[in-house]
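Me: Hi! Could you walk me through this one?

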Amino acid sequence: MATVAAIYTGQGLSERIQPIFREVLPDCRLVSIIDDSLIADVIRSGYVTPAVTRRLTQYYRHAEEIGADMILNTCSSVGEVADWARPMLDIPIIKIDEAMAALAASQYRNIGVLATLPTTLEPTKRLIQREAGKQNRDVQIVDALAKGAYQALISGQPEEHDRLILEAARSVAQQADVLVLAQGSMVRMEEALQKATNLPVYSSPRLGVMAVKAELERMGKVNSI
């Protein structure tokens, strides 16, 4: 049985990832490592600090030690740490948002990026530009930060979270061909944003798990269907 270690920097997203795993990889063992101090420190500092990088790298090492075949890095704010750590590990790291970024860059020129944290917005934009470069495509990115939405969500105000994201989406919809949700926690708004803007909306959780499945198949750890 293949084992995947999903590493979370905050609470909540694991509840959305687990059902997707059960559906897409029913015979895969999923181990969750959660440390919500990581995202708290990133938000407080406004960037990924050396201390956060060290702790996250230790969790990658722990994943190897428990026998994981692969790591799923679930936090876009620290995705560039995963890039840095990949050469140091004997198992692959799949970034939850990489497949989403590649898909958006392959199909659209004007890409709207929505985020609820500034620490996620810039890394996501860089990721999309990097994926576009790999495909020799020129993309234009417009972005909108739903200020206060993340704080509303973690303080038990999901309706306010959703309202602020909807406002942000409407502010860039006229300039975009697609909307990309920079954080997995925003997946709850995917359908509502599609209806409100008449644009395709991409979120990372399902695409990230599908990328895990594809890599496990390539490694011969699960059977291809």
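Reply: Happy to. A word on terms before we start: helices (H or I, at least four residues) and strands (E, at least two) are DSSP runs, numbered from the N terminus. This is a predicted model, where local features need pLDDT of at least 70 and side-chain atom pairs count only at pLDDT 80 or more, while totals for chains, interfaces and linings use all residues. Residues are numbered from 1 along each chain as its sequence is written, and side-chain values use heavy atoms, with hydrogens and water left out.

Me: Thanks. How many helices and strands does the protein chain have?

Reply: There are 10 helices and eight strands in the protein chain. Its radius of gyration is 17 Å, close to the 17 Å that the globule rule gives for 225 residues, so the chain is as compact as a globular protein of that length. That radius is taken over C-alpha atoms, and the globule rule is 2.2 Å times the number of residues to the power 0.38. The C-alpha trace spans about 45 × 40 × 30 Å along its principal axes.

Me: What share of the residues is buried?

Reply: Buried residues are 53% of the 225 in the protein chain. Buried means under 20% relative accessible area, exposed over 50%, and partly exposed in between (1.4 Å probe, protein chains only).

Me: And the contacts, what part comes from residues 24 or more positions apart?

Reply: Those account for 69% of the contacts with a separation of 6 or more. Contact here means heavy atoms within 4.5 Å.

Me: Let's go to strand β1. Is β1 mostly covered or open?

Reply: Mostly covered: β1 covers residues 3-8, and six of its six residues are buried. On one side sit Thr3, Ala5 and Ile7, on the other Val4, Ala6 and Tyr8, and they are all buried.

Me: In which sense do β1 and β2 pair?

Reply: In the parallel sense, over six bridges, with β2 at residues 29-34. Two strands pair if DSSP finds at least two bridges between them. Thr3 has Arg29 in β2 as its bridge partner.

Me: What's the strand order in the open sheet of four strands?

Reply: The order is β6-β5-β7-β8, with parallel pairing. The edge strands are β6 (140-145) and β8 (201-202), each of which pairs on one side only. Two bridges join β7 (residues 178-181) to β8, and Val180 stands opposite Tyr202 in β8.
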